[in-house]
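Subject: Structure for your review

Hello,

Here is the structure I promised to send. My notes on one helix and its neighbours follow below.

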Amino acid sequence: MLHALNRQLNKMMPLITPSSILIGVLCGSYLSAYTYLSPWLFAFMTFAGSISLSFKDFLNVLKKPLPLILCLFILHLAMPLIAMGLGHLAFPGDFYTITGFILAAAIPTGVSSFVWVGIYKGNIALTLSIILIDTLLAPFVVPGILSWLVGTSVQLDTAAMMGSLLWMIVAPSLIGMVLNQWSKGAVIASWGPWLNPFSKLAMAVVVAINGAVVAPYLTDFSPRLLGLAAIIVTLASVGYLLGFGLSRLIGLGDADKVALVFNGGMRNISAGAVLAVTYFPAPVAVPVVLGMVFQQMMASLVGFVLGRQSRAKRQPTDTASAA
């Protein structure tokens, strides 16, 4: 039954995530009270995925680091520069909005990319390695990028940010990997069927809670808000396209390509929203929180495209086997 539920959830994810966002926006006043659950649900999602990874898999990724390096290039160099350029073109002279675009592009890759990469048969080891390393670098890289591109000193509570990201992502990942190593992989068969469907349901809940958080920012609909949304969608699209283009350029396999595409396009928007609201004026937060609305929708669309490509590749093989 759990296997059947997991298969159905895999098929329905492109519909579940937009629906969750809509539910969150419509029920904002009720769901926003449960924001404190998001880090715990993220930790659960990370743990559920990491039990399928061994330390050997992680070390193998580090031995062939080119995909990892390419993803970090997309996340923390290419995309912040593109975000700054688009910001100056679309909103010239609007310092806070441009800063918001740069922050939205510079924050680390999203934990939920783990779920999407798993659904579309991507390289889980590469994905977890990107998330772990990017999380460790984020408290230093994000302030550095903002200081460089925005031209002002950015004061962040590095210790607090590092601590929250470590227990939310790094700790559950290491626990899952230790269990995999200790059980010699048996934990995947015994725990995987239970954890996989619930990790997808957890993501739906997180998306709904995020939708509730951004609901107040969407009440004042205006042409300006529409323009901000268009830039955010463009930035996300460019991140996915860079991941796809670079993976094709260097000839990565399908599993590595899926990992690079999702990790290049997704961001830890929840962490970015906290940074924006805590350390910057309100206008800086608007582009970041808009990313919550569109990120999972874009992931659904990209997953649909990757799924069609995968089925198109398998079809000639299936036909030949039948013959």
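For the packing described here, an axis is a line fitted to C-alpha atoms, for helices over the stretch in contact, and angles run from 0 to 180 degrees between N-to-C directions. Please keep in mind that this is a predicted model.

The helix in question is H11, residues 223-249. At 1.5 Å a residue its 27 residues should span 39 Å, and the end C-alpha atoms are 38 Å apart, which agrees. Buried residues of H11 include Leu225, Leu228, Ile231, Ile232, Leu235, Gly239, Gly243 and Leu246. Just after H11, Gly251 has a positive phi of about 70 degrees.

Helix H6 (residues 95-106) packs on H11 at an angle of about 30 degrees, with the axes 11 Å apart. The cut-off for roughly parallel is under 35 degrees, so H6 counts as roughly parallel to H11. The crossing is right-handed. H6 contributes Thr97, Phe101 and Ala104 to the contact, and H11 contributes Arg224, Leu228, Ile231, Ile232 and Leu235. By class these are 6 nonpolar, 1 polar and 1 charged residues.

Helix H5 (residues 66-90) also packs against H11, at about 145 degrees and with the axes 10 Å apart. H5 and H11 cross in a right-handed sense. From H5, the contact residues include Leu70, Phe73, Ile74, Met79 and Leu86; from H11, they include Ile231, Thr234, Leu235, Val238 and Leu242. This contact has 14 nonpolar, 3 polar and no charged residues.

Regards

Methods: Residues numbered from 1 in each chain as written. Predicted model: local features only at pLDDT ≥ 70, side-chain atom pairs only at ≥ 80, totals over all residues. Heavy atoms only, no water. Helix = DSSP H or I, 4+ residues; strand = E, 2+ residues; numbered from the N terminus. Expected span 1.5 Å × (residues − 1). Buried < 20%, exposed > 50% of the residue type's maximum accessible area, 1.4 Å probe, protein only. Parallel < 35°, antiparallel > 145°, perpendicular 65-115°, else oblique. Left-handed = near helix turned anticlockwise from the far one by under 90°. Contact = heavy atoms within 4.5 Å. Nonpolar A, V, L, I, M, F, W, Y, C, P; charged D, E, K, R; others polar.
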